[in-house]
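Hi everyone, thanks for coming. I'd like to walk you through one protein structure, step by step, with the picture up on the screen.

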Amino acid sequence: MAYKFVDNYREKGARKKLVELLRSRGIGDEAVLKAIGKVPRHFFFDETFWNQAYKDIAFPIGDGQTISQPYTVAYQSELLHIKKGDKVLEIGTGSGYQTCVLIELGARVVTIERQENIFNRTIQVLPGMGYRPKFYCGDGSKGIAEEAPYDKIIVTAGAPFVPEILLKQLKIGGILVIPVGDEKAQKMVTVIRVSETDFEKIVLDTFRFVPLVGDQAW
């Protein structure tokens, strides 16, 4: 993991190219593209692999986890329709890259990571970059009830179903974005809380995430 925070013309130029690539792939939300263009993704990589940082690929970060593909981060972020000041629960902090994009979009982020090694690394890296979400270490499949309700919830790991406990933590009008399927592939699902008891579900494109592990998942 990189702790030398160096962001020169080369890296900024690479981000501009990445933004154009994402735009060409159908990401149309300019706020999301601007956020992707601001977050220095190479800071989440060991310096040895900085040449991989602005490719549109996922990349291993240890403990069986990956930093998400930029397209996937942009896709999920776009579905959330973040408004400035939205309280967002992120389940699966991972490297913290998605966290930073959410903060750049104006969200107040509460984020939870199950893997202790990754958690301990991320709580050092993000504040060093100037990003200060509220961090938790624990089972994200159950959400964080004491911080609820949330305007938006994003799950960055593949779940076998939509956990009921997460739906209860959404505000009315709130949005949950979660990949649902088996361990090989998932469909991106958006759930909108219409009322206390009613939810609207939209099933979208196919992705492949690491599994969501926990009491309400695998």
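Predicted model: local features only at pLDDT ≥ 70, side-chain atom pairs only at ≥ 80, totals over all residues.

**A walk through the model**

Let's begin with a pair of strands: S4 and strand S5, residues 134–137, run parallel and are joined by four bridges.

Next, the inside. In soluble globular proteins, nonpolar side chains tend to be buried together. Here, the largest nonpolar core has 44 residues. Which of them have the most contacts inside this core? They are Leu22, Ile27, Ile36, Phe44, Tyr97, Val101 and Leu102. Several elements each supply at least two residues of the core, including helix H1 (9–24), helix H2 (30–38) and strand S7 (170–181). Helix H3 gives the largest share, six residues.

Let's stay with helix H4 for a moment. Why can we call H4 largely enclosed by the rest of the structure? Because six of its eight residues are buried. Those buried residues are Tyr97, Gln98, Thr99, Cys100, Val101 and Leu102. Just after H4 comes glycine 106, with a positive phi of about 100°.

Now for the largest pocket, which holds about 550 Å³ of space. It is lined by 32 residues, and Gln65, Thr66, Thr156, Ala157 and Val210 lie nearest its centre. Strand S2 (65–67), strand S3 (87–91), H4 (97–104) and S4 (108–113) are the elements that give two or more residues to this lining. S2 provides the largest share, three residues. How many of the lining residues are nonpolar, polar and charged? The lining has 13 nonpolar, 15 polar and four charged residues.

Finally, two backbone details. Most residues other than glycine have a negative phi, and most peptide bonds are trans. Histidine 81, in the loop between H3 and S3, has a positive phi, near 50°. The peptide bond from alanine 148 to proline 149 is cis, with omega near 5°. You'll find proline 149 in the loop between S5 and strand S6 (150–155).

Note on methods:
Residues numbered from 1 in each chain as written. Heavy atoms only, no water. 1 Å grid on protein atoms, 1.4 Å probe; cavity = no way out; pocket = protein on both sides within 12 Å on 5 of 7 lines; lining within 4 Å. Points joined across faces, edges and corners; volume = space filled by probe spheres on them. Nonpolar A, V, L, I, M, F, W, Y, C, P; charged D, E, K, R; others polar. Pairing = 2+ DSSP bridges. Core = buried A, V, L, I, M, F, W, Y, C linked by side-chain atoms within 4.5 Å. Buried < 20%, exposed > 50% of the residue type's maximum accessible area, 1.4 Å probe, protein only.
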